[in-house]
Each structure stands twice: as structure tokens, then as C-alpha cells.
Amino acid sequence: MKYFNVTIMEKGTRRQETVKAANKMAAIKVAKQKSPMAMVMKAIETSAPLEDTLSELSSKLRKSFKSKIPINDKISTIRQIAVMTDAGIPITDTLEDVADNTENKQLKEIYSKMNSDILAGNSMTDAMEPYTEQFGHVALAMTNLGERTGNLSESYHKLADMLETIRDNTAKFKKAVRSPLITLAAMGIAFTILIMVVVPKFKDIFSKFKTELPLPTQILLKLEWAFSNYGLLILMILIGVIFAVKFFYKNNKDFKYKIDKMMISPHFYLINKAIFLSSMHKYNLVFGELVKSGIPVSEALDTAVGMVDNAAIKEQLLTVNANIGRGMNLAEAFKLTGLYQNMLLQMIKAGEAGGQLDAMLDKVTNYYDMEFQDLIDNLSAYIEPIMMFFIAGLVLLMALGIFMPMWDLGKAVK
């Protein structure tokens, strides 16, 4: 949304109003609705008022600090809804019971509001739509499917299965990278402690040398000086940078796109492959399940692309539906994204021609899942050489920084 200064002439008096609208024409329309008897002279785009800017910033900050709903809690309540509706319990009683029994406060509030909306005459899809951000596009699509087919229980069982698969893969990846990250953190802390404790012991000795100190020693002394004098400031800046990156990543689309594109570039060893395989598996899993459930391909594509977190990959996948609308088949549209191997494209093409698209999409999903699992299972072997190189570099810097001046001690004494 943009802001416009709209000049209005009413009863011989000219005045200006600030209007929030998507574009100039919309701003003029809003101004005419507010003052039907007035004449709109012009509308000029302007910056947002200070109070609106502060309000929006405050809202974004609250959103950044607000905790996400754990996926296990969502799966648990979705399973409960599936079981209870399968037993013939009315949806209003089901939602009321789920809201009463869940311990998650956000879910309790959401299900209570959904129940109130349904009692007011809304469909479950309409009641869930305001909470798409919390549940995801796939939950909204499966709810809509369940209402259209009259089998909400089956749709929710499939939804829970999909969310469980996504959860398990995410948990497995986090577990695989946890150990290397802990090792790196431990090495960083140990190195900092050595600089703060060991280097000062040699500082007085080094200061008595009349010769120029070796480069490793100079680096250690400068690090020790920085940590001793500005250690707290460095820590605060580091925390601030991390927070700022996370904040802008969540709230600035351009910044998020640049970071996402950078993360899948060849410069990020292993990370790029893990993000790509995880995104493609999630996309094809959701797309295949939706097609199998009877949702039209176009609608399934829109829903599946909403599950992709990486903005750069999402941008490429968003072209698929547009190209299908121009008359391309699915395989051709996928080929233009540059994300699918030729083997997978041939499988999709054969599935389209033979009326077995859902079966072929299952095979494509299994392929990405197999590749992702292989990467996770061998992640330690891939990371180990990098870890050894990093650790060896820190140890070498510390050793050379301390012992190289000692080797020149005789020369210094002379």
C-alpha cells in the first residue's frame, strides 16, 4: 500500500487529505467515497505519515518476537479433528473440544474464533482463511477440499501425513547440522579464552623484543587488545547484526530475496544443495498429494508454491502456472524453471500422457526425498574436512603466534 496527498475542492474550499491506497486511481476513488459532493483535483504520492510508520514498525517488531506455533501442536490438533469428524461429531463440537484440550494458547484462541465464525454461518474454509499464515496454504487447500467432497476427515488425515513428513525432514536436517555447529561454537569460545588468558602472559615478553614481531603474533595481540577493550561492544554489535538480519529477512521482501538467492548459489557449499532438495521435495510432495486428492492442477500449483520458503526458488516455480495458462503442458512449464532434471521431466511427461500424473509425481517426490536423505546421512562426512581445516587454522595461528617469537628469542637477546 502507498500513501497519496489528495487535493479536494469542496464548497469553494480546497483541502488536502492523506489517503492510503494501492495506486493513484484507487486513492482518488477512496477520496470520492469519503466526500461524494467534492471534486478531486489531483493525487500525488507521498511518504507515509510518521505515526503510521511507527505503528507499522511496532507491528513488525511484535510479529518478529511472537513465537511460532510448534508444528507438533498443529499436527496433533489436525489429527484430533480428523478422528472426531470421522466419528460423526459435528465440526462445531469438534473445534470446541480441540480448543479446550490444546495447551497451545495461540491454537486455543484460533480454534475458538473459527468455531464462532462457523456458528455465525461461515464455512470452515472461510473461518480458517485469516489464519493462513499460521497453518499454511496447504491446510487451507485441504480444508476446502474436505468441504467440497464432504470428507473432511480424510483430507485432514492426508494433511497431517504431509506435515509429519515435512517435520521429520526438517528435524533430521537440524540434527545433522547441530553437531558441527556445536563444535564450531566450542572452538570459537576456546580460541577466545586462549587469546584472553594465554596471550596476555606473553604480552610483556613480546613488548621487550627489539625485533619486529611475526604476523601471527601481531594478529593475536590485536585480537587480545580488541577483546579486552571492546569485547562487550563487539558482542553487542554481533547480536545486533544477527537480530537486524533476521528482522529484515522476515519483513523486507527484497532483502529476503537477495539472501535466499545467495544461499542457493554455488558459493555456499552443501547449504545450497540442502535448501534446494528440501524445497523441491516439499513442493512436489504437496503438489502430488493435492493432485491425487482431486484438486485441479492449477489450484494445486498455487497451493504447493506457497509451501516453498526460499524466495528465489519460489520465483522460478511461480512461472509454472502462468506458462500452463499460455497452453504449455506441465513438463514444458517445469522445464523452463531450470529446476528439474531431464529424467524427472520425462517421467512427468509420461504421466501426463498416460493419465498417471499423480503416480509419476510420487516418483519425483521420492527421488528428491532420496537425494535429501542421502545428503543428510552423509553430511558429517562432507563437513568433516571443512571442520578439520578450520580447527587446524585456529590451532596453527595460536601456535605460530606464541612460538615464532620464542624461536627468535636468541636473536632478540643479542
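I started with the second largest cavity, which holds about 50 Å³ of space. By cavity I mean a set of points on a 1 Å grid over the protein atoms alone where a 1.4 Å probe fits but cannot get out. The volume is the space filled by probe spheres set on the points, with grid points joined across faces, edges and corners.

This is a predicted model, so I note that local features need pLDDT of at least 70, side-chain atom pairs count only at pLDDT 80 or more, and totals for chains, interfaces and linings use all residues. Residues are numbered from 1 along each chain as its sequence is written, and side-chain values use heavy atoms, without hydrogens and water.

Next I listed the lining (residues with an atom within 4 Å of a point). Around the second largest cavity I find Tyr283, Leu301, Asp302, Val305, Leu317, Leu318, Val320 and Asn321. Helix H14 (297–305) and helix H15 (311–325) each give two or more of these residues. H15 has the largest share, four residues. Helices here are DSSP runs (H or I, at least four residues), numbered from the N terminus. I sorted the lining by class: six nonpolar, one polar and one charged.

Then I turned to the largest cavity, about 60 Å³ in volume. Thr165, Ile166, Asn169, Thr170, Ser278, His281, Lys282 and Phe372 line it. Helix H9 (152–197) and helix H13 (271–292) each supply at least two lining residues. Four come from H9, the largest share. The classes here are two nonpolar, five polar and one charged.

Last, I noted the total: three cavities of 30 Å³ or more.

Methods:
On a 1 Å grid over the protein atoms alone, a cavity is a set of points where a 1.4 Å probe fits but cannot get out, and a pocket is an open set with protein on both sides within 12 Å along at least five of seven lines; lining residues have an atom within 4 Å of a point. Ala, Val, Leu, Ile, Met, Phe, Trp, Tyr, Cys and Pro count as nonpolar, Asp, Glu, Lys and Arg as charged, and the others, Gly among them, as polar.
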